[in-house]
Amino acid sequence: MSDFYKVQPLTDFSIFTTPRSQRKSVQFKASWPTTVDDLEYELVHLGGRDVVMEIGVSAADLRIDGTLRANARPQHPGVRLSFQTRKHGALSYTCDTYEQQYYIGLPSWQANVRAIVKTLEALRAVDRYGATKGEQYAGFKALPAGNGGIALGGMTRDQALEILGAASGIPGEHLNTAPDSLRLSWRRARRDAHPDKHAGDQTAWDRIEEAAKVLGLTS
C-alpha cells in the first residue's frame, strides 16, 4: 500500500445504491499497482491531500500505520475516496458498480477504486480546452461533518476536542485546533487506540473516529 493515502473502515453502507443484481463484472485489465500509480497522478493534478480510502473492512484488518493487512477481505465491494484540494475544497467519490466474478480481474473493491480513478481522469479531460473553471467537480463536494458540530452519536465539538486531547496528553481547552495540528493529534490517537493494542477491542478506536468526524477531519 502506498503512503499517500490512509485506509479506514467503511461504516455507512447506505451511501451505496447499486443492487447486487445490477453490479457489473470487473472489466479493468490494469493491475492494482498501476491503479495506485494512476490515482496518485490524478491527485497530484488536483493538489489532493489528506487522502482517505474507506473500504468494507474492520479496524482489525488495518495495521497500526493505517495500511491494509495482506489477508484482509472486504465484506462489501463499495469504496469511498475522500480528499482535500487546493481549488475545489473537500471532494468525495463513491463507487460500488463492480463485483469480481470467478476470481477474474481485480478484487471488487480495487475495481471500484479503478472506476474512481477513471472518473477523475475523465473530469480532468473536461478542462483540456479551457472552457470550464472546475465546475465539473461541484457534484462531488464532500458534505460537512456532523450537524452543527454534533455527530449522529450526539458528540459535540468540545467533547471531540477533549477525546483527542486526552489521547495526546493535552487538556482539550489547550489543544491546538489548527487543522494540521488536529490531524496530527488524530493520527497519534489512532495509533494508541488501534485494536491491536487493546486485545482486539475496538471501543477506543470508534470513539476516536467519531471525534474526528465531528471535527471535520474525515468524511
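## Basis of the description

Because the model is predicted, local features need pLDDT of at least 70 and side-chain atom pairs count only at pLDDT 80 or more, while totals for chains, interfaces and linings use all residues. Residues are numbered from 1 along each chain as its sequence is written, and side-chain values use heavy atoms, with hydrogens and water left out.

## Overall fold

The chain has five helices and six strands, where helices (H or I, at least four residues) and strands (E, at least two) are DSSP runs numbered from the N terminus. In sequence order these elements give the pattern β-β-α-β-β-β-β-α-α-α-α. The radius of gyration, taken over C-alpha atoms, is 18 Å, close to the 17 Å that the globule rule (2.2 Å times the number of residues to the power 0.38) gives for 219 residues, so the chain is as compact as a globular protein of that length.

Along the principal axes, the C-alpha atoms fill a box of roughly 50 × 45 × 30 Å. Of the 219 residues, 42% count as buried, a term that means under 20% relative accessible area, with exposed meaning over 50% and partly exposed in between (1.4 Å probe, protein chains only). Among contacts (heavy atoms within 4.5 Å) between residues at least 6 apart in sequence, 68% join residues at least 24 apart.

## Helix α4

Helix α4 covers residues 179-193, and its end C-alpha atoms are 21 Å apart, which agrees with the 21 Å that its 15 residues should span at 1.5 Å a residue; the expected span is 1.5 Å times one less than the number of residues. Its buried residues are L182, R183, S185, W186, A189, R190 and A193. These cover an arc of only 160 degrees around the axis, which puts them on the same side of α4, the arc being that of the directions from the helix axis to the C-beta atoms. An α-helix has 3.6 residues a turn, so residues three or four places apart point the same way.

The buried residues of α4 pack against β1 (5-9), β3 (49-55), β4, α3 (157-168) and α5 (203-214). One of them, S185, has a relative accessibility of 7% and therefore counts as buried; leaving aside its neighbours within four places in sequence, S185 is in contact with S168 and L175.

## V79 in strand β4

V79 lies in strand β4 and is buried, with a relative accessible area of 1%. V79 and M53 are 26 residues apart in sequence, yet their C-alpha atoms are 7.0 Å apart in space. Beyond the neighbours within four places in sequence, the contacts of V79 include F16, M53, I55, Y93, W109 and I116.

## Aromatic pairs

The structure holds four aromatic pairs, counted where ring centres of Phe, Tyr and Trp (its six-membered ring) lie within 6.5 Å, with planes under 30 degrees apart called stacked, over 60 edge-to-face and the rest tilted. One of them, F28 with Y98, is edge-to-face, at 5.0 Å centre to centre and 65 degrees between the planes. This pair links distant parts of the chain, 70 residues apart, with F28 in the loop between β2 (24-25) and α1 (32-46) and Y98 in strand β6 (residues 98-99). F28 is buried at 17% relative accessible area, and Y98 is buried at 9%.

The rings of F83 and Y93 have centres 6.0 Å apart and planes at 10 degrees, so this pair is stacked. F83 lies in strand β4 (residues 79-85) and Y93 in strand β5 (residues 89-95), so the pair ties together parts ten residues apart in sequence. F83 is buried at 3% relative accessible area, and Y93 is buried at 3% relative accessibility.
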